[in-house]
Amino acid sequence: MDKKKLTETDIRTKFITPALEQAGWDRQIQIMEEVQITHGKILVRGKKHKRAGARKADYILYHKPNIPIAVIEAKDNNHALGDGMQQALGYSEMHGDLPFVFSSNGDGFLFHDRTVTDGPVETEIALEDFPSPAELWDKYCAYKGITEQPAQELVSQDYYFDGSGKSPRYYQLNAINRTIEAIARGQQRILLVMATGTGKTYTAFQIIWRLWKSGSKKRILFLADRNILVDQTKSNDFKPFGTAMTKITNRTVEKSYEIYLSLYQAVSGTEEEKNIYKQFSPDFFDLVVVDECHRGSADEEKAWHQILSYFSSATHIGMTATPKETNEVSNIHYFGEPVYSYTLKQGIEDGFLAPYKVVRIELDKDLFGWRPERGKKDKHGELVEDRIYNQKDFDRTLILEQRTQTVARTITRYLTGTNRFDKTIVFCENIDHAERMRQALVNENADLVSQNPKYVMRITGDEQEGKAELENFIDPREKYPVIACTSKLMTTGVDAQTCKLIVLDQSIRSMTEFKQIVGRGTRINEAYGKLWFTIIDFKKATELFADPDFDGEPVQVYQPGADGDPVPPEAFDEQNLSDEIRGTGDDLSQTDWQDDTGEGGGGGKPVKYVINDVAVHVIAERVQYYGNDGKLITESLKDYTRNSVKKAYSSLDAFLESWTSAGKKKRVVEELEKLGVFWEALYEEVGKDLDPFDLICHIAYGQPPLTRRERAEKVRKRNYFVKYEDKARLVLESLLDKYADEGIENLEQTSVLKVPPLNEYGTPMEIVQLFGGKTGYEAAIRELEGQIYTANGHG
């Protein structure tokens, strides 16, 4: 057998897998091949999208199912033994720094041992010397500081399996396993940070299940602050707990259960008799899990903190998408550093969360302020105080009615340019503002409102009719409502899987609040075409609270000019950045919406003035967009393209050589796209009738461009087709027409032979035979391409 002729798959089958089995690894339980780690980043181009390839590990080795301890990267035998090591180390880091990393080409293994602190970290070992499962597990436990038998039994506790084949994603495994390991080492305060939409509740269930089944934690309290969160948790993720679980309701305590779910408001209050949690003894619970712990558990004045203090002997696990860190309140101060963090940026990069675009709208009165003329009276005859009013005043102490109309008009123009039935949330300053926005949007969309008055609805905490429609808004199967105007009610806990547009016309007061709002759009629902979303920002929140390390960069940032189209043009689409889609919902029965008031929340001044005769306009601003490296581009699109191309092809000759030698031109086009060339953008700016070849030659190297039709005409004038038989000549002439109409990629796809007029000449097989077979047909296509690109001396 010549190893050099074997494929990577052959190397795995004939050498690596047998070596693992010989070492004692169970092929059914402990060895998993081609493990898909990510889902593939969603790439956005204008209004189109596609998924990048998912990342896969050749092998992951498990102590038990879902408890990974080692990764192996395989290569064919034409590679050196360690050629896969760096790739394997990357997979190891993704899986929470797995300590044992291997690379192999079938001759043996290169072993990278993270547990080594003194001596060689990487060593070569023979195929027959691969470590046994027991050997690596003992080293793993020692490395993790889990040495006692009870602790090792705890970290080995089985996951819950429902028989469906569903298993946690890699980051959920990291969160679950790190939490269990921390508890096994005796840690009592644990913080998990996981972006909205990444399955925190499912993660919490698996943690609790393993602790409960192991007997390590016998009575568990799960706290949340939205009624619907508790209900959905009980009926969905926590359902396997069955009769061992109860929800605390009506301020009554039943102590015969093991798993308790509660709204924190249901067990606490400002009056002592409402603090029914004190009916339990302080040592009753040995585990307390706090969902969305940023909302109160870290604040010593809040009820959650008081509950945690009462059950101080229990292990406390805090889970949040938005850790709160201020001078006054700190989650880390209470829980310690997170044992694991999975950010929105990582979720987008991995393809588990939706990427987003940002459209920044600046209004003249917001930017420059407004000062009333002397003696100015408002709509109701009130004398307006003489001072400069700015964005902080609008819709709080002063209402500019035409500002509301301008915002509503801008939202409507965006939806008209995209899809008027895309689910949209408009965040307003307060209930009064939300109602005025509803009216303005109704007037802007009278045609659709006449078909169904629920097209636009106000969904706020004070009004039952709107709240009753919240479930319909978040249900992907329900068409109405389409546009929801809100202030506070929908900032958290609303699992709006198909929300494609978030509008910020609210002064966001904290990073936490901003993250929660953005989280309304991050869930993916491929069945309903929701793979990315847009934020229209009137209040500069996306600038003030930008957190690229956690949220990632937008795939696009666009600022239209005066009266400009709010829909980002193809010309400024971004380079691509980088389910467990869990329902959360919101509490429709609670009335504790302190900020959701007509006064604008936070004890602001009552609205005094209503101005109806002051015009408000969108003012001109430049367009900004993000490049291939995720950084803001400030140069022109042509300059950016020229610089990007010349980094790869320093001269015209270098580019021509690459283009000419490429088996398929499509590969060069895709490579240029990876370098940061925005094809759709260039077509919009330079001309849609140009070939990619001409766009690059013209923009990067200053060559005069030819349109596709001009290139095709030059080929015809050259009388190039006369050497072919009648039918073959007709096929090539039709392909040249296809090129002129649609571009070079049509020539390189045999599927083009199935469409008119080419299908008139026979089946694809029959057409290929006109050229003597596949080889002759492909040679004819390459020759035709050569004729196209020598039409003006290039190539």
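**Backbone exceptions, a helix pair and aromatic contacts**

Glutamate 34 counts as partly exposed, because its relative accessibility is 48% (buried means under 20% relative accessible area, exposed over 50%, partly exposed in between, with a 1.4 Å probe and protein chains only). The model is predicted: local features need pLDDT of at least 70, side-chain atom pairs count only at pLDDT 80 or more, and totals for chains, interfaces and linings use all residues. Residues are numbered from 1 along each chain as its sequence is written, and side-chain values use heavy atoms, with hydrogens and water left out.

Glutamate 34 belongs to strand S1, residues 31-36 (helices, H or I with at least four residues, and strands, E with at least two, are DSSP runs numbered from the N terminus). The phi angle of glutamate 34 is near 45 degrees, a positive value in a residue other than glycine. Most residues other than glycine have a negative phi, and most peptide bonds are trans. Asparagine 66 also has a positive phi, near 75 degrees. Asparagine 66 sits in the loop between strand S4 (56-64) and strand S5 (67-74), and with a relative accessible area of 8% it is buried.

Strand S4 also holds lysine 56, which is partly exposed at 43% relative accessibility. Not counting residues up to four places away in sequence, lysine 56 touches Glu34, Val35, Gln36, Ile37 and Tyr91 (contact means heavy atoms within 4.5 Å). From lysine 56 to glutamate 73 the separation is 17 residues in sequence and 9.8 Å in space, C-alpha to C-alpha.

The peptide bonds supply two further exceptions. Tyrosine 480 and proline 481 are joined by a cis peptide bond with omega about -5 degrees. Proline 481 lies in the loop between helix H17 (470-474) and strand S20 (483-486). A cis bond also joins proline 756 to proline 757, with omega about -5 degrees. The loop between helix H27 (726-742) and helix H28 (764-769) is the place of proline 757.

Next comes helix packing. Two packed helices are described by the angle between their axes and the distance between the axes. Helix H5 (residues 170-184) packs against helix H6 (residues 200-214) at an angle of about 35 degrees, and the axes are 9 Å apart. Here axes are lines fitted to C-alpha atoms, for helices over the stretch in contact, and angles run from 0 to 180 degrees between N-to-C directions. The contact is made on the H5 side by Gln172, Ala175, Ile176, Asn177, Thr179, Ile180 and Ile183, and on the H6 side by Tyr202, Thr203, Gln206, Ile207, Arg210 and Leu211. These residues divide into 7 nonpolar, 5 polar and 1 charged (Ala, Val, Leu, Ile, Met, Phe, Trp, Tyr, Cys and Pro count as nonpolar, Asp, Glu, Lys and Arg as charged, and the others, Gly among them, as polar).

Aromatic rings are the next topic. Rings of Phe, Tyr and Trp (its six-membered ring) pair if their centres lie within 6.5 Å; planes under 30 degrees apart count as stacked, over 60 as edge-to-face and the rest as tilted. By this rule the count comes to 46 aromatic pairs. In one of them, tryptophan 137 and tyrosine 140 have ring centres 5.3 Å apart and planes at 10 degrees, so the pair is stacked. Both residues lie in helix H3 (residues 133-144), 3 residues apart, about one turn of the helix. Tryptophan 137 is buried at 8% relative accessibility, and tyrosine 140 is buried with a relative accessible area of 5%.

The rings of tryptophan 209 and phenylalanine 241 have centres 5.7 Å apart and planes at 40 degrees, so this pair is tilted. The pair links distant parts of the chain, 32 residues apart: tryptophan 209 is in helix H6, and phenylalanine 241 is in the loop between helix H7 (227-235) and strand S11 (245-247). Both tryptophan 209 and phenylalanine 241 are buried.

One aromatic cluster is formed by Tyr257, Tyr260, Tyr277, Phe280, Phe284, Phe285, Tyr310 and Phe311. Tyrosine 277 lies in the loop between helix H8 (264-267) and strand S13 (287-291), and is buried with a relative accessible area of 5%. Leaving aside neighbours within four places in sequence, tyrosine 277 is in contact with Val267, Ser268, Gln306, Ile307, Tyr310 and Phe311.

Lysine 3 lies over the face of phenylalanine 15, at 4.2 Å from the ring centre (a charge sits over a ring if NZ of Lys or CZ of Arg is within 6 Å of the ring centre and within 35 degrees of the ring normal). Lysine 479 lies over the face of phenylalanine 421, at 4.4 Å from the ring centre.
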